Amino acid sequence: MAPGRFASVMATGIVSIGAELKGLHLLSVALFWLAVALYVFFIVLTAVRLVRYRDAVRDDLHDPTRAFGFFTAVAGTNVLATGLVGFGMIPLALVLFGLGALLWLVLGYGIPFTAILGSSTRPVSAGVNGTWLVWAVAAQSVAVTAPRWY
């Protein structure tokens, strides 16, 4: 299972928000609940993988070509929080924002440490790919979602 599995949550949630902004409420709601279903599905799969395939998760965390994909969980969580704000579900949005911010803190320090310093790949730059940019996307998702609470 790829660490970037939450990218589908990000994409579906973003299109849902865009549909709402364009006045396509029914489409927006359908896409939002699809994103929620994907999110729950991937949370369950992630929990199962952490319990049953701990070594594979550890390998992913130490692989510079795969580790940064874990940041899609942060962005997906915050995209859902933003969608919840748009639907007026502020308390639940605040919970997801808190989870997204916590994930960002843990992964923001943990992934660079494990994937760069803990990698056996040399040079580490050989593992640089587009998933490394999701690190910035995750940080932006926290920044975009946070101001909605003032």
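Let's start at P64: this residue is buried, because its relative accessible area is 0%, and buried here means under 20% relative accessible area, with exposed over 50% and partly exposed in between (1.4 Å probe, protein chains only). What you're looking at is a predicted model, where local features need pLDDT of at least 70, side-chain atom pairs count only at pLDDT 80 or more, and totals for chains, interfaces and linings use all residues. Residues are numbered from 1 along each chain as its sequence is written, and side-chain values use heavy atoms, with hydrogens and water left out.

Back to P64, which sits in the loop between α3 (54-61) and α4. Helices like these are DSSP runs (H or I, at least four residues; strands are E, at least two), numbered from the N terminus. So what touches P64? Setting aside neighbours within four places in sequence, P64 is in contact with A115, S119, T121, V124, G127 and W132, where contact means heavy atoms within 4.5 Å. Now find G86: P64 and G86 are 22 residues apart in sequence, yet their C-alpha atoms are 36 Å apart in space.

Next, have a look at the salt bridges. Side chains of opposite charge can pair when their charged atoms come close. A salt bridge is counted when a side-chain nitrogen of Lys or Arg is within 4 Å of a carboxyl oxygen of Asp or Glu. The whole structure has 3 of them. In one, R49 meets D60, with N and O 2.7 Å apart. That pair ties together distant parts of the chain, since R49 belongs to helix α2 and D60 to helix α3, 11 residues apart. Both R49 and D60 are buried; for D60, the relative accessible area is 6%. D60 also forms a salt bridge with R66, again with the closest N and O atoms 2.7 Å apart. R66 counts as partly exposed, because its relative accessibility is 29%. Put together, R49, D60 and R66 make a network of salt bridges.

R58 is partly exposed, because its relative accessible area is 40%.

Now follow helix α2 (residues 25-52). It packs against helix α4 (residues 71-86) at an angle of about 145 degrees, with the axes 11 Å apart. Axes are lines fitted to C-alpha atoms, for helices over the stretch in contact, and angles run from 0 to 180 degrees between N-to-C directions. Which residues meet here? F32, A35, V36 and Y39 from α2 meet T77, L80, G83 and L84 from α4.

Two buried residues are worth a stop. V9, in helix α1 (residues 7-21), is buried because its relative accessibility is 0%. Leaving out neighbours within four places in sequence, V9 is in contact with A35, L38, Y39, F42, G76, V79 and L80. S28, in helix α2, counts as buried because its relative accessible area is 1%.
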